[in-house]
Amino acid sequence: MAFIEKIKLQNFKSHTLFEKNIPSNNIVIHGNNGIGKTNLLESLSFFSNSKGMRANKLENFLQKQNNIQSEFAQAECQLKQSNYSTNISYKIYKQADQISKNFFIDSKKSSNLQIANLVNFIWLSPHMDKIMYEEGSIKKKFIDKIISNLNQDFSRYLSDFKKLSEERIALLTNSHDIKWISIVESKMAILFYLILIERRKKIKDLNILAEEKLKLFSRFKINISNELEKYLFDEKKCIIEIEKIFFNNRSLDTSIKRNTFSPNTDRVTFFNRTKNLNSELCSTGEQKSILLSIILAFGWMYKQRNIQFILLFDEISSHIDEKNMENFFTEVAKFETQAWYTGTKKNIFQVIDNKAFFIDLA
Ligand SMILES: Nc1ncnc2c1ncn2[C@@H]1O[C@H](COP(=O)(O)OP(=O)(O)OP(=O)(O)O)[C@@H](O)[C@H]1O
Ligand SMILES: [Mg+2]
């Protein structure tokens with residue numbers, strides 16, 4: 001189990017200097033709007049993704065005061081793991097006209113990936129609520145992110161497919177080299193197949209873990225479908241079918257300068273197993289619970305693989321009633337890992353009162 005026992009932020013957004021020893025596995029950061037609660041979680045999320053949980057540009061992390069931007073922003077954490085302790089940190093800094101970043105492990109220059117070998121951060125923030133009410137492709141992107149975190153190859157499949165798609169369109173519009181177009185389409189078809197298979201494998205794992213592990217909280221099932229479904233059990237047949245569709249789409253794709261057939265044709269939906277209803281027909285709170293449950297199932301995927309992780313929950317209590325909140329805390333406790341929560345009100349966290357460390361940012 002990995003947990004942060006000390007945190008220090010310098011010039012990170014609104015935090016000029018923030019330093020705290022953390023004596024607990026549950027941390028509740030509370031205080032009024034704009035006091036810096038989310039910024040604090042964001043500083044931790046940066047260790048796992050250098051855009052942070054709010055997908056910021058690097059320059060936005062540097063503190064701005066009276067229109068003057070600080071020269072650097074820095075975060076440092078003492079990370080405790082079983083019987084040893086590691087210092088992980090990063091510095092975002094201005095260099096000439098550029099903003100750069102460096103990660104360190106025990107003062108030695110390092111990378112996000114090396115830090116991921118020590119600890120990963122999983123987060124949920126209010127802007128992710130839109131996953132539940134916006135159109136289907138955002139659900140697929142969310143699931144793709146989870147899968148990418150579990151399998152580095154998967155993000156490579158996605159980016160390679162994108163590059164080849166661009167190459168195909170360029171070839172179709174400019175060179176008309178039929179032989180080369182076919183080669184590109186064959187490569188794309190293999191990646192297409194791999195993406196579809198990996199999505200289904202990981203979604204199956206998430207569904208199984210949700211059923212096995214989430215006894216108290218919202219029960220969900222992720223569904224995925226594609227017109228290729230009936231071919232998926234036969235790799236060769238499926239790849240040939242994909243190549244056929246690419247071939248038939250050549251003139252259409254040339255005219256609109258876009259690949260109409262891609263792994264984006266996968267449709268991902270969420271199903272509420274308690275209600276036997278698709279998530280679109282669920283209430284706001286029920287939808288939020290599904291989202292929280294998927295995050296919990298993701299946590300179980302990490303736990304099953306012995307990957308160390310820390311949870312960051314920004315304002316999760318919005319739309320969740322007291323009983324559900326209590327069940328949620330119980331589910332999180334089963335991970336036996338550190339969880340950071342934020343909230344404008346302290347009373348939501350009453351049920352974990354004696355187990356939590358409260359930070360009042362006021
Ligand atoms: N680069 C920056 N430099 C200085 N302040 C910043 C910077 N970026 C954002 N801020 C400010 O940091 C403050 C705290 O933001 P944060 O999102 O952490 O608030 P919060 O406590 O989570 O509030 P809420 O309860 O509304 O979610 C905001 O007033 C925001 O404008
Ligand atoms: Mg906030």
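Contact here means heavy atoms within 4.5 Å, and helices (H or I, at least four residues) and strands (E, at least two) are DSSP runs numbered from the N terminus. The model is a predicted one, in which local features need pLDDT of at least 70 and side-chain atom pairs count only at pLDDT 80 or more, while totals for chains, interfaces and linings use all residues. Side-chain values use heavy atoms, with hydrogens and water left out, and residues are numbered from 1 along each chain as its sequence is written.

On these terms, the buried residues of helix α10 pack against α6, α9, β14 (309–313) and β15 (339–343). Those buried residues (buried being under 20% relative accessible area, exposed over 50% and partly exposed in between, with a 1.4 Å probe and protein chains only) are M325, N327, F328, F329, E331 and V332.

Leaving aside residues up to four places away in sequence, F142 touches M128, I131, F270, L291, I294 and I295.

The structure holds 22 aromatic pairs, where rings of Phe, Tyr and Trp (its six-membered ring) pair if their centres lie within 6.5 Å, and planes under 30 degrees apart count as stacked, over 60 as edge-to-face and the rest as tilted. Two of these pairs are set out below.

| Pair | Centre to centre | Angle between planes | Class |
|---|---|---|---|
| F298 and Y302 | 4.9 Å | 45° | tilted |
| F328 and F329 | 6.5 Å | 55° | tilted |

F298 and Y302 both lie in helix α9 (residues 284–304), four residues apart, about one turn of the helix, and both are buried. F328 counts as buried at 0% relative accessibility, and F329 is buried with a relative accessible area of 6%. Elsewhere, ring pairs link F12, F46, F47, F61, Y90, F103 and F121 into a cluster.

Methods
Chains lettered and ligands numbered in written order.
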